[in-house]
Every structure is written in C-alpha cells, then in structure tokens.
Amino acid sequence: MGWFSKKKEQKKQKEQDNPEVRPGGVFMVQLLMKEPCAIPPREQMEEVLSRYLGKVEAFGGEKPEREFAGFAALDHIVEFEDGKKPVLLSVMGCQSFQAEQIDEMKRSQMWDRMEDGSQTFCRDHLEDYKYAVLAHDMLGGGMESQERANMLMDYLEALLELYPSCEAVYFVNSGRLVLAEKIRRKESTGLDRYVHFAVNARFFNISGTEDSVVDTLGLSLLYIEDLQYHFHGMDPDWVVRHAYSMASYLLKNNAPIKDGDTIDGVEDGQLRQDIQWKCHFENALVKPERVVLDVCMGEFASGSRG
C-alpha cells in the first residue's frame with residue numbers, strides 16, 4: 001500500500017505542510033558546535049564532497065565570508081516531467097543556536113544507546129552548543145528511497161569532515177540528536193547509517209494507564225510509513241530495538257509490508273518466528289499527525305485497531 005492510497009490521501013495535505021512528516025520533503029540537519037566557524041573555502045568543499053558523493057559543481061558565493069554554499073550533485077540525477085536535474089545540496093553560514101527553541105516534547109526524546117547498552121540523554125548537553133550550521137538537500141524527494149538514504153549519509157559524513165568542530169548533529173526531520181563522534185567512527189555502514197542516525201524511535205507513557213507507545217520519525221522522508229507500537233507489559237527497550245530492526249528491514253526491502261501482513265514478534269527480547277504480530281495502516285496516536293504502520297503486539301497490544 002503506497003502513500004497515495006485513498007486512506008492516506010486524507011492526511012496528505014497536513015503531511016505536506018509539516019517538514020517532520022512530509023513524504024519526500026527536504027532533509028535538514030543542524031551541525032551543532034560551541035564556537036562560531038566560517039564556511040570552508042569553495043575548493044576544499046568541492047574536494048571533500050566529491051570524494052563522498054562523486055562529481056559536484058558549486059553555485060552561489062565564492063568569498064570565505066559568504067553566508068551560503070551550494071553544490072549540484074551531478075552523479076545523483078532525478079527525473080521530472082520537464083527533464084532530468086541533479087540533486088542540490090546547500091550549506092548555510094554559521095548562526096547562533098538557541099536550544100530553548102526546540103520544544104520540550106522533542107527534547108524529551110533526545111536519547112541514545114551507548115556501546116555498553118546503557119542509554120544517555122543527549123539533551124543534557126544541548127545547552128552547551130551555541131552555534132549551528134544548517135545543511136539541507138533540494139529535489140532529493142524525487143530519488144529512489146535507498147539511493148537517497150545513502151546519498152544523505154554520504155553528505156553528512158562529508159559535512160563532518162568539513163566541520164571538525166561540530167560536536168553533535170540535530171536531525172530536524174526526526175528530532176534525533178546524535179553525537180558527531182558516533183557518526184565519525186563509521187561503525188554503521190550502508191543503509192544502516194540512515195536508520196541508526198536519521199530515524200528517531202520515540203517512547204511515551206500514556207498518563208493514567210499502564211500503556212505505552214513507541215513510534216518512529218524519519219522514514220516518511222523516504223516515502224516509507226513510520227512505525228507505531230501501542231502496548232503494555234513488555235520492556236519498552238525490546239520494542240525500541242524491534243522498531244529499529246523493522247525500520248532497517250523496510251528500507252532495505254523497499255517497504256514490502258502491506259495492510260494486514262504479519263511480522264515476527266518478540267519474547268524475552270528475542271525475535272520469534274512462532275509469534276506473529278499483525279500490521280495495519282492507522283492514524284498516529286502521537287503527534288505529528290500522519291499515517292503510520294501500526295504493529296499489533298498480540299497479548300501485549302493495547303487499545304483497539306480500526
């Protein structure tokens with residue numbers, strides 16, 4: 001079932017107006033740092049970007065103090081009705097960053113898993129960052145999902161080489177905050193990079209109940225429905241791991257799950273083929289408003305499915 005089925009058309013306009021969930025929308029990241037910095041020289045940017053992305057062609061200002069740098073990624077071409085065009089990549093000049101402009105709901109979901117399996121709230125350091133460089137793509141929504149995911153992560157790795165003072169990356173589309181060194185270590189490869197960095201698995205307790213919700217943000221940018229789990233009685237960490245595993249499966253297999261299909265469930269933190277959870281496309285329980293792939297977790301499921 002695609003984005004433009006009759007059911008999803010009901011929410012299409014709202015999704016298009018919201019950069020967090022707009023299918024195929026503009027990918028945006030903020031490179032966060034403690035001190036201001038200049039945009040690197042044009043020649044340096046061309047050299048680094050070309051190593052990661054293939055041939056690029058600069059457009060925009062040329063002075064070191066310029067406030068914008070743009071590049072056409074000539075090896076990443078999108079076909080439109082009026083012809084073929086390269087994806088455009090833009091980097092804005094360094095601006096002041098105010099952490100309080102990110103609302104509390106987004107800040108509450110800025111956590112990450114450490115190498116020892118523990119979790120850390122990245123937001124604890126958010127106030128340390130006083131400056132940000134905004135980078136984004138244009139026309140990328142016309143790309144095939146896997147190609148775009150790889151291109152965006154190549155772009156991000158190039159940016160982190162160009163901006164060595166960057167200490168954290170804020171993924172505007174999903175609200176994810178990732179320490180830059182985690183990305184620079186390049187422990188994730190291929191499409192896993194997009195899932196591990198750009199997709200945000202969020203966790204919410206529902207007030208006055210024993211129910212919880214885990215959902216994702218970030219897949220919709222690639223025309224893949226985000227996931228949702230409404231449940232009780234299971235370790236939420238197991239559900240988060242399942243969500244990231246499912247996100248990776250959907251991206252690597254071109255979103256093969258259809259309305260009513262079943263997937264392997266979880267018992268004691270392990271995937272079990274003899275436990276099947278049914279999937280349906282539903283309206284999201286938690287904002288932003290959008291259509292999600294809801295996973296009904298059998299005996300652990302909460303609420304009703306429409």
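This is a short tour of selected spots in the structure, stop by stop. The model is a predicted one.

**Stop 1: helix α4**

Select residues 145-162. This is helix α4, with 18 residues. From its first C-alpha to its last, α4 reaches 26 Å, close to the 26 Å expected at 1.5 Å a residue. How many of the residues of α4 are buried? The count is 14 of the 18, so α4 is largely enclosed by the rest of the structure.

At the start of α4, a side-chain oxygen of Glu-144 comes to within 3.1 Å of the backbone nitrogen of Gln-146.

**Stop 2: aromatic rings**

Move on to the aromatic side chains. Searching the whole structure turns up two aromatic pairs. One of them joins Phe-59 and Phe-68. Select both rings.

**Stop 3: a charge over a ring**

Select Phe-80 and Lys-85. What sits over the ring of Phe-80? The charged end of Lys-85 does, 5.9 Å from the ring centre.

**Stop 4: two positive phi values**

Next, two loop residues for the backbone view. Start with Lys-186, in the loop between α5 (180-184) and α6 (192-198). Its phi is near 55 degrees, which is positive although the residue is not glycine. Lys-186 is partly exposed, at 40% relative accessible area.

Then jump to Tyr-223. Where is Tyr-223 found? Look in the loop between β12 (212-217) and β13 (226-231). Tyr-223 is another non-glycine residue with a positive phi, near 65 degrees. Its relative accessible area is 33%, so Tyr-223 counts as partly exposed.

**Stop 5: a cis peptide bond**

Finish at Pro-288. Find Pro-288 in the loop between β15 (270-283) and β16 (291-296). Select Lys-287 with it and check omega. The peptide bond joining Lys-287 and Pro-288 is cis, with omega about 5 degrees.

Terms used: Residues are numbered from 1 along each chain as its sequence is written. This is a predicted model: local features need pLDDT of at least 70, side-chain atom pairs count only at pLDDT 80 or more; totals for chains, interfaces and linings use all residues. Side-chain values use heavy atoms; hydrogens and water are left out. Rings of Phe, Tyr and Trp (its six-membered ring) pair if their centres lie within 6.5 Å; planes under 30 degrees apart count as stacked, over 60 as edge-to-face and the rest as tilted. A charge sits over a ring if NZ of Lys or CZ of Arg is within 6 Å of the ring centre and within 35 degrees of the ring normal. Helices (H or I, at least four residues) and strands (E, at least two) are DSSP runs, numbered from the N terminus. Buried means under 20% relative accessible area, exposed over 50%, partly exposed in between (1.4 Å probe, protein chains only). The expected span of a helix is 1.5 Å times one less than its number of residues. A polar contact is a pair of N or O atoms within 3.5 Å; within protein, one must be able to donate a hydrogen and the other to accept it, and residues adjacent in sequence count only if both atoms are side-chain atoms.
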